[in-house]
Amino acid sequence: MDSMDLPKAYDPKAVEPKWAERWAKNPFVANPKSGKPPFVIFMPPPNVTGSLHMGHALDNSLQDALIRYKRMQGYEAVWLPGTDHAGIATQVVVERLLLKEGKTRHDLGREAFLQRVWQWKEASGGTILKQLKRLGASADWSREAFTMDEKRSKAVRYAFSRYYHEGLAYRAPRLVNWCPRCETTLSDLEVETEPTPGRLYTLRYEVEGGGYIEIATVRPETVFADQAIAVHPEDERYQGLIGRRARIPLTDIWIPIVADNAVEREFGTGALKVTPAHDPLDYEIGERHGLEAVSVINLEGRMEGERVPEALRGLDRFEARRKAVELFREAGHLVKEEEYTISLATCSRCGTPIEYAIFPQWWLSMKPLAEKVIRGLERGDIAFVPERWKKVNLDWLRNVKDWNISRQLWWGHQIPAWYCEDCGAINVPRPERYLEDPTLCEACGSPRLKRDEDVFDTWFSSALWPLSTLGWPEETEDLKAFYPGDVLVSGYDILFLWVSRMEVSGYHFMGERPFKTVLLHGLVLDEKGQKMSKSKGNVIDPLEMVERYGADALRFALTYLATGGQDIRLDLRWLEMARNFANKLYNAARFVLLSRKGFQPKTDTPTLADRWMRSRLDRGVREITALYEALDLAQAAREIYELVWSEFCDWYLEAAKPALKAGNAHTLRTLEEALATLLKLLHPMMPFLTSELHQALTGKEELALEAWPEAQGKEDKEAEDAFEALKQAVTAVRALRAEAGLPPGQEVRVYLEGEVAPVRENLEAFRFLARAELLEEKPEKALVKALSKVTARMPLEGLLDVEEWRRRQEKRLKDLLELAEKSQRKLSAPGFREKAPKEVVAAEEARLKENLEQAERIREALSQIG
């Protein structure tokens, strides 16, 4: 393929799909026995229900850039892809589909429902990986994993078996977050709290032996589950009441008044109703005081139980709240009701306000597991980029609570625990026979065993990802060669949910870190800095952007913006910038290929521009490689952009034209070699265009397998300084031409002072770039432009009517000064600075500054011409 085959304009749609298909069908398959040093990345498995969003596009653009870079450097680069079964999310999607048929999962029963989910997964589950392939993700697709496939399910069973028999997994009743809509428990990390307008009710309880005590609550419907009233031991208001009893309104139930340090004296009346079954803080107070946890709200969110007045039984919890308040008001128990902002806890999957429920649940003791990770992090086992996240990770591990790992769902890994219906013993297969289901109770020998119906929290299997993707618990070739991984790339928002838990799995089961470095990036926000959400209607779909700008442009823009782990504000202008960059590179490559056609070599000597380009390139390779190494991909993208756009395209290509015309073979070689090197440096970020152009340039099939360029230490300071002087001379002439209002192509004459030798030695290039001839004598009257190395003087005689020019400049000067005066009047008007919006004031100040600077430039030009 040569330049004649490169169409005039670049169309990503004509180029990208064929490369994407090639990398998907013939993936970069890793070989554990290659003897090359490994470089391993575990792809964060996206939800199988999902389709690609901007966060995935960013996350995978960064990973692909690192994996392609290391592959070119000669590493055995392994990028392990896969998807997550996403328990709640997937079950909710399939339940919604069933609702359309007027059915619930209970109509189908567990077996049939799970079949439906698997069918749906087979039909729609591949979407997100197909979309990643379209982005150019060069993962090892032959090793694709799914958290519920056979190998990953084995890992889950083995891990639980180990935890259980090591005394780390245990079953205990606890107050848990419960979603009445999803009908499952949620871990604290799956609950969202939002400040929401609500009401605070102050209620009066009668005290035994006379008098009252008042409490404030935002949930008056739970009063009937009260087990005590708590006050702070040092609160003087209540000293005489501690140890007495109070009566729950509308009932004959008497409860103790207790002292507890957890009570906030400033909140409400300083007396707190204690309802262990309906509030986590109350549950803890209840445990300290030996209070029973009695619930008055069932799992469907309705009122039930003997303690509940007849009139409220069976009502939905929110309806019961309204009704209870009416009853308290009628009976004289309601002291006041006021507006109050409550922090409403909702299910992160479906948005329903959560309840609390007491259930026997499976728990994992996190404290002893976190210890090993803390020691590892304190030793510096894992590097964090940005560094600030290390402390955040450590703080979480030091204060970690036990993890509730069971969920009341059907879709997921069913917990491998069996209960004996005769003696009640729990049977969990031992690690050495972890795949065998027990048939007889270990404790009493009874065959009457019933399997636990719950499934594991989705994150339980995700936490094993760096082990399970490599075939653990079996001692596979992959596990030996590729564990631990090198870089784990993730959004900072799942540092606790996922990253910390993988650290726990790695240290516990493998005795070492699961990865050497954690690279955390921010979230992708809209251009106003808001989170993207369907409800706001501000979602930018990455696939639409690929359609409109190309996958390369999307990848490059996201990488360019991903600085220092900050959130990214995605304005479409960045995508235009990246598309323009692709076009600029494409046109430069076409120029190189066309220059090669029918080239007749006459000389072979390096020009100053050739020496400068080779030196800049050598420095670029050194600096850009160091940025890739430091995982600072955003800065690497910026430096490549600068090198390609400004240095190669704007200066070198232009400076090379006279030398090419003169048949200088050295210049053509420099052009070809520089372009090939630039394509390699950019390849990890823009794989499609660079592969296409590299193939046209070199005839080589797969740029992804070429060697990464190495700096030769050939930076040429002398050439860089001399070329800088030449650049300044050209820049000065262009500025003078603009100052005089002449068209860019018009020939001019100039007199140069300063470092003039490089210009005289490269006169051909100067004449071509500046469209100027040198004057030998210093003109008396001339426009002057002074830069650090060179000053240029351009007489106007013979170029234009000097008098006419002077009149025009004087009129412009008068206009500018009038505009400036107008701005000054506006800015000093009484009240303008205080009342006008900040942006308006700033814009006015900028206008004033710009007009005064322009006026100053014209004054100077007029004084130069005299």
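Let's start with Asp-571, which is buried, with a relative accessible area of 18%. Keep in mind that you're looking at a predicted model. Asp-571 sits in the loop between strand S25 (568-569) and helix H18 (572-596). What does the side chain of Asp-571 make a polar contact with? Its partner is the side chain of Arg-573, at 2.9 Å.

Now for the aromatic rings. A search of the whole structure turns up 35 aromatic pairs. Take Tyr-163 and Phe-460: their pair is edge-to-face, with 6.2 Å centre to centre and 65 degrees between the planes. Tyr-163 belongs to helix H7 (residues 150-165) and Phe-460 to helix H12 (residues 458-462), so this pair ties together parts that are 297 residues apart in sequence. Both Tyr-163 and Phe-460 are buried.

Trp-396 and Phe-496 give you a stacked pair, at 5.4 Å centre to centre and with 5 degrees between the planes. This pair also links distant parts of the chain, 100 residues apart: Trp-396 is in helix H11 (residues 389-398), and Phe-496 is in helix H15 (residues 495-510). Phe-496, with a relative accessible area of 25%, is partly exposed.

Ring pairs can also join up into a cluster, whose members include Tyr-158, Tyr-163, Trp-403, Phe-460 and Phe-509.

Finally, look at charges over rings. Lys-121 lies over the face of Phe-146, 4.2 Å from the ring centre, and Arg-204 lies over the face of Tyr-212, at 5.1 Å from the ring centre.

Note on methods:
Residues numbered from 1 in each chain as written. Predicted model: local features only at pLDDT ≥ 70, side-chain atom pairs only at ≥ 80, totals over all residues. Heavy atoms only, no water. Helix = DSSP H or I, 4+ residues; strand = E, 2+ residues; numbered from the N terminus. Buried < 20%, exposed > 50% of the residue type's maximum accessible area, 1.4 Å probe, protein only. Polar contact = N/O pair within 3.5 Å; in protein donor to acceptor, adjacent residues only side chain to side chain. Phe/Tyr/Trp six-rings, centres within 6.5 Å; stacked < 30°, edge-to-face > 60°. Lys NZ or Arg CZ within 6 Å of the ring centre and 35° of its normal.
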